[in-house]
There are 2 protein chains.
Amino acid sequence: MKATIYDIAKEAGVSITTVSQVINGKGKISEERRKEIFRIMERLHYQPSVIAAALTGKKTYTLGLIVPDISNPFFAEMARAVEDQGHRSGYSLMICSTDNKDDRVQSYLTLMRKKRVDGIIIGTGMDDERMLNPLVEAGIPIVLIAREMPSQAVHTVIVDDGVGGGLVARHLLEQGHRRMAILAEHPKVSSSRNRIIGFKQAVDEAGMILENNGIRYCDYTVEDGKRKALELLGEAVRPTALFCCNDLLAIGALQAAKELDIRVPDQLSVVGFDNTILASVTDPPLTTVAQPIERMGKIAVDLLMQELTDPSVIKQRIVLRPDLVVRHSASSSRPDF
Amino acid sequence: MKATIYDIAKEAGVSITTVSQVINGKGKISEERRKEIFRIMERLHYQPSVIAAALTGKKTYTLGLIVPDISNPFFAEMARAVEDQGHRSGYSLMICSTDNKDDRVQSYLTLMRKKRVDGIIIGTGMDDERMLNPLVEAGIPIVLIAREMPSQAVHTVIVDDGVGGGLVARHLLEQGHRRMAILAEHPKVSSSRNRIIGFKQAVDEAGMILENNGIRYCDYTVEDGKRKALELLGEAVRPTALFCCNDLLAIGALQAAKELDIRVPDQLSVVGFDNTILASVTDPPLTTVAQPIERMGKIAVDLLMQELTDPSVIKQRIVLRPDLVVRHSASSSRPDF
DNA sequence: TTGAAAGCGCTACCAG
DNA sequence: CTGGTAGCGCTTTCAA
């Protein structure tokens, strides 16, 4: 059977209290005893049970990360950043992919509560934001990453999506594009919404007009991006530029263009968002907006740690600045095509 | 404060035993009481503590997944498959990225023990395989995925790497390639080793010779793949084909070729391995070997579940067949270049 | 059908 | 410095 704290205590001829203190580096134990006890723990392959410790009112040292899909490079990179930063403070990471389905979100949220995670980082959207209420009321530290939910009093770490959208619009406008369409995520996704708002606003400011039917809402997949891009590019007067609200959609757009024998960037400019590893390997390499995802993950964890230390900290909303990464998928408009 | 089983019991005017039974669907409780108790749990926002349940000798319903890097698409896809299959049986997933560093592997392995996970899926290599001994001795179910460790009596799910290497060799050979070099992972990685062995064997069988200096060992990154490819392609008589032991390295090779103005596939053929999402978006799209990663993740979890149910099950070694996915990065050798 | 009581392994508080 | 003891929230006999 597994060794317990009792076994160690008995073997060392001390009380479990002493052993406990040695494990946690608390109290004052003679150096001699301490060494001896460590030796015995080693010999018996003893591993203190985090479970039992957690039950005693302490922490589980586990953080939950809820995202739409961990196999999506953007969220995978986010997970890595969160994992690393958490690990530095001794926390491990439980990941949950929701596919943006509310029932999965709900089921995972419930699970996190049952498992008593110390904090939750949420990078997924949900139709009904009230799902979070029970957790907030229960005082579980929560931070939203790359998402916003104004209705909830929780920490938030985001990139300024509006600025990002504006960056793209101005870049495209500068190159002479006038007919620009958008491949958006589902309207319920705030980040996507804000990117579009920023984009439109910059277009407005330039005195241009973006036609409404130039927006297509897509699932978070390459396939759907391709499908919707095909629709957009199949129209009589097709756009000369496509702003895609994430890299996956942009890749779909690239594939659609290839299928229609439309050359990128000569005949069509495509801009993505996120700057995942994918953007650097496409043909042509994707011009896209970079989110400082590593930073964001780090900050999200720090916020959690802060709240864990002092539950009364005021909720913060941290907005990072996105950057336009110019590669080769966008160039000047060529009206002659 | 959080509601406990006592609160529910008191509120319902029954004993905690009854509540416990209702929660777990055990014992015989009158339908009436059952309903009433469920109603109260709902009203008090009660969530049974998995922690407490686990302490009582039951399971934690948590699985550990240890990989080199969750932000690497191959492992991210693996994680997703494992997460989904685990979720079906009520398990959640704890992920750990080791960067292939033994001290990180060790630290995570220890952590999993302390957290009493019910099983561990290992997709990372380690220099010292004996690190697993304590876990095996402790009877913790372990399954190796996309890795092998003959020295350990654990379940293993892999793709037949030798066959995969052979597939690549024959494909390249058929197209007339004779000077072929290899971008390999670290020699300690069994999968990479076997791919090379299979590749060489097929070359042998064709009566050809592969020069030894044609192998470069790389870190698991695009950058290093590029660096080593640059070396290989900078030689006096450069290879006409590059077999890369994973897609990341293949992308590095693609980038190196572009930098040297070597056209792929006209002047150089590049073949990858893994068939991650990356392979479908490169320029040109990558010919690569597909591992049925979803299947593998599912099987790995099933094996764990099996062992959890019956610890005496005999350890299995499941070998899946890889497939060559022909895209556009490899074509016939053109000796005139 | 239902309840009382004995832990699970560990921490924290209070004595000594 | 070190030990005793009371739980933490839940499951599991064993009785009733």
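Trainee: How many helices and strands does the secondary structure of chain A come to?

Mentor: This is a predicted model, in which local features need pLDDT of at least 70, side-chain atom pairs count only at pLDDT 80 or more, and totals for chains, interfaces and linings use all residues. Residues are numbered from 1 along each chain as its sequence is written, while chains are lettered from A and ligands numbered from 1 in the order in which they are written. Elements are DSSP runs numbered from the N terminus (helices H or I, at least four residues; strands E, at least two). Chain A comes to 12 helices and 12 strands.

Trainee: What does the C-alpha trace of chain A span along its principal axes?

Mentor: The spans are taken along the principal axes of the C-alpha trace. For chain A they are about 90 × 35 × 30 Å.

Trainee: At what angle do α1 and α2 of chain A cross?

Mentor: In α1(A), residues 5-12, A:Ile5, A:Tyr6, A:Ile8, A:Ala9 and A:Ala12 meet A:Ile16, A:Val19 and A:Ser20 of α2(A) (contact: C-beta atoms, placed from the backbone, within 7 Å). This contact has 7 nonpolar residues, 1 polar and no charged (nonpolar: Ala, Val, Leu, Ile, Met, Phe, Trp, Tyr, Cys, Pro; charged: Asp, Glu, Lys, Arg; polar: the others, Gly among them). The two helices are therefore roughly perpendicular (65 to 115 degrees; under 35 is roughly parallel, over 145 roughly antiparallel, the rest oblique). Their axes, lines fitted to C-alpha atoms over the stretch in contact, with angles from 0 to 180 degrees between N-to-C directions, come within 8 Å and cross at roughly 110 degrees.

Trainee: How far apart are the axes of α5(B) and α12(B)?

Mentor: Helix α5 (residues 73-88) and helix α12 (residues 293-309) of chain B pack at about 45 degrees, which makes α5(B) oblique to α12(B). Among the contact residues are B:Met78, B:Ala81 and B:Val82 of α5(B), and B:Gly297, B:Ala300 and B:Val301 of α12(B). By class the contact has 6 nonpolar, 3 polar and 3 charged residues. The distance between the axes is 8 Å.

Trainee: Which element gives the largest share of the side of chain B that touches chain A?

Mentor: Here 39 residues of chain B are in contact with 39 residues of chain A. On the side of chain B, at least two residues each come from α4, α5, β2 (92-97) and α6 (102-114). That side divides into 20 nonpolar, 9 polar and 10 charged residues. The largest share, 6 residues, comes from α5(B).

Note on methods:
Contact = placed C-beta atoms within 7 Å.
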